[in-house]
Each structure stands twice: as structure tokens, then as C-alpha cells.
Amino acid sequence: MTRIAIVGVAGRMGRTLVSAVNQDDGVTLAGGIVEPGSSLAGADIGELAGTGKNGVAAVDSLDAIKDAFDVLIDFTAPKVTLANLAFCAEHGKAIVIGTTGMNDDEIEELDRYRDRVPMVFAPNMSVGVNLTLKLLETAAKALGDEGYDIEVIEAHHRHKVDAPSGTAIKMGEVVADSLNRTLKEHGVFERVGQCGPRTDKEIGFATVRAGDIVGEHTVMFATEGERIEITHKASSRMTFARGAVRAARWVATQQAGRFDMQDVLGLNEA
Ligand SMILES: NC(=O)C1=CN([C@@H]2O[C@H](COP(=O)(O)OP(=O)(O)OC[C@H]3O[C@@H](n4cnc5c(N)ncnc54)[C@H](OP(=O)(O)O)[C@@H]3O)[C@@H](O)[C@H]2O)C=CC1
Ligand SMILES: O=C(O)C1=N[C@H](C(=O)O)C[C@H](O)C1
């Protein structure tokens, strides 16, 4: 039985993760961590998540539960995640990271732990998005050099703090890699004013933030006379949470290394 602790347990994903852990017979909920000094420390995490009292009290430091868990699931913010990764390296824990919005330096720092920590790091834990990444590879290889313009459009709830979403960037990277392009050279993240016509090879990004949208991503391949759109729409955070719990079970059996959801789902072998 894999013992899981959830950091950011009072957040949107944290609360959904409590439900997902409760519904999975292969894992047990060993702890939940809230921000240091939070008034929620001591609260029952089942009650916090709205799933009913479960007798596990939220703590405000990982140290307080360091012997109680095997895998940490972290959906928080870049700096918080990197501090937790250092903790996992020091204490021999595995980690599942869903946090998005890391800059290049932060990703480099995360990568330095690959030899010391078994980690799954993925901007989207849903099965559907990870299958979509495969479809995008096929579409990009078939269309990208045949005069089709490629645009990535994403929509999320009004509370989201990073843009474009981690998933949109990943989709752009998959398309770019398939066409021997890079987002550094070909990604266009803003168009405003007299910005001129699009260039052939650019990969454009557009962002919507509104209401309670859980997460929607479309990659458009458009040319004279036709347009193909590959779309994924999440209607519940449970799809991400179930994927994260599946990743936790999987990573608990791995040696140190940096893995993604394609590894967890066996899609890299396909
Ligand atoms: N990979 C995937 O499949 C998915 C990734 N995400 C990503 O997950 C992240 C979180 O999203 P979401 O749940 O919506 O955000 P929320 O803001 O709802 O949750 C983040 C939580 O982390 C808490 N937190 C902040 N600092 C600490 C700390 N030092 N220790 C413990 N807890 C802390 C926050 O507490 P407080 O509010 O008190 O600051 C908050 O409760 C984002 O980066 C998002 O993009 C989201 C969905 C799916
Ligand atoms: O913040 C969110 O909510 C989500 N973030 C992830 C991202 O940035 O791609 C995944 C999902 O779309 C929800």
C-alpha cells in the first residue's frame, strides 16, 4: 500500500486529490500539508476536502510527517515545489509534481534532482491529454511542413496564475519537436498592435481566462480551404487527480529519475 502525502491540500487540486486517494484501494492518505502558519493546520483533511472526517490532521511542515509517507503529491507553485523536492532528496521520498509555470532556471534546478529522487513531472496528468500529445505528433509530422499554420489555444478558470498553461506549452513543444523547430525560435506568445502578418513557421499561443473553466486546449492546423482542430476539454479536476494517484503508485516502484505521464501510461513504448 503506497502511503501518500498531499502538499497544498487545501487548494483546488489538493482537495480533489483527497477524494481521488480515498477512491483508490492501492493507496492510503498519510498526510496533508498546508502553508506554514496557515489557520488550517490541525484541521481534518477529509473535512477540508468535503469528503467527511478521516482522522488525518493537516500539518504546516513536511518535517512533522516525514516518517509517515512514501510519495509526496505536489500541486502548488514553482518555489514551493522546488523546496519540497529538496526535502524528498534528503529524506528518500518519491514525488509527483503537477505544478506548472516554472521558468527555465527553475526547470533546470528541478532537473538536477533526477539522479536522487524518483519523480513524475507533468503539466497535465489526464489520460486524455497524454493521448492527445501522441495525436499531435502524428498531425504535426503530416501537416506542419505542408503549409498548415499551427496555433495553440487554451482556456482556464479566472484564478489561474500562469500563462500559457503548462499543457499548452507542452503541446507546442511536441509539435515543434516533431517539425525540428523550437519554441524559443518559433513560439509567438503575444500579438498586439501593428504586429504584421504571421510567418510560415511560427507556432502561436492564445490564452483565455474566465469563470470556472477547468481546462481546455485546442491545437489548430489551418491552411487555405481547411482547418483541423485537435481539442481536449477537461470537465472535472478528478481527471488530473486520478492520473496523479496512478503516477504515485507507479513512481513508488521506480529508482531515481525524471519521468512524465507518458512513462506512467506506457505511451513512450507505443
Ligand atoms: N499537472 C496537472 O495535471 C495539473 C496541474 N495544475 C497545476 O497545479 C498548481 C496548483 O493549482 P490549483 O490547485 O488550482 O491552485 P490552488 O491555488 O488552488 O492550490 C495551491 C495550494 O498550495 C498551497 N500552498 C502554497 N504554498 C504552500 C506551502 N509552502 N506549503 C503548502 N501548501 C502551500 C496554497 O495555499 P494558499 O492558498 O494558502 O496560498 C494552495 O492551497 C498550478 O500550478 C496548476 O497549474 C492544476 C491542475 C492539473
Ligand atoms: O491551473 C489549472 O487549473 C490547470 N493547469 C494545468 C496547466 O497549466 O496546463 C493543467 C490543467 O489544464 C489545469
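Helix α1 (residues 12-22) contributes three residues to the shell around ligand 1, the most of any element. Helices (H or I, at least four residues) and strands (E, at least two) are DSSP runs numbered from the N terminus. The model is predicted: local features need pLDDT of at least 70, side-chain atom pairs count only at pLDDT 80 or more, and totals for chains, interfaces and linings use all residues. Residues are numbered from 1 along each chain as its sequence is written, while chains are lettered from A and ligands numbered from 1 in the order in which they are written.

In total, 27 residues surround ligand 1, and the closest are Gly 8, Gly 11, Met 13, Phe 75 and Gly 98; a residue is near a molecule if its C-beta atom, placed from the backbone, lies within 6 Å of it.

Helix α1 is itself mostly covered, with eight of its 11 residues buried. Here a residue is buried if 20 or more other C-beta atoms lie within 10 Å of its own, exposed if 12 or fewer, and partly exposed in between, with C-beta atoms placed from the backbone. The buried positions of α1 are Met 13, Gly 14, Arg 15, Thr 16, Leu 17, Val 18, Ala 20 and Val 21. Among the elements that cover them are β1 (2-7), β2 (27-33), α2 (45-49), β3 (71-74) and α8.

The chain is assigned two domains, domain 1 (2-121 + 237-265) and domain 2 (127-234), with bounds from an automatic or database domain assignment. Their centres, taken over C-alpha atoms, are 29 Å apart. Eight residues of domain 1 and nine residues of domain 2 form the contact, where two residues are in contact if their C-beta atoms, placed from the backbone, lie within 7 Å. On the domain 1 side, α8 (238-251) and α9 (261-265) each supply at least two residues, and the largest share, three residues, comes from α9.

The table gives the two residue sets by class.

| Residue set | Nonpolar | Polar | Charged |
|---|---|---|---|
| Side of domain 1 that touches domain 2 | two residues | five residues | one residue |

Ala, Val, Leu, Ile, Met, Phe, Trp, Tyr, Cys and Pro count as nonpolar, Asp, Glu, Lys and Arg as charged, and the others, Gly among them, as polar.

Overall, the chain comprises nine helices and 11 strands. Buried residues account for 40% of its 270 residues. Of the contacts between residues at least 6 apart in sequence, 69% join residues at least 24 apart.
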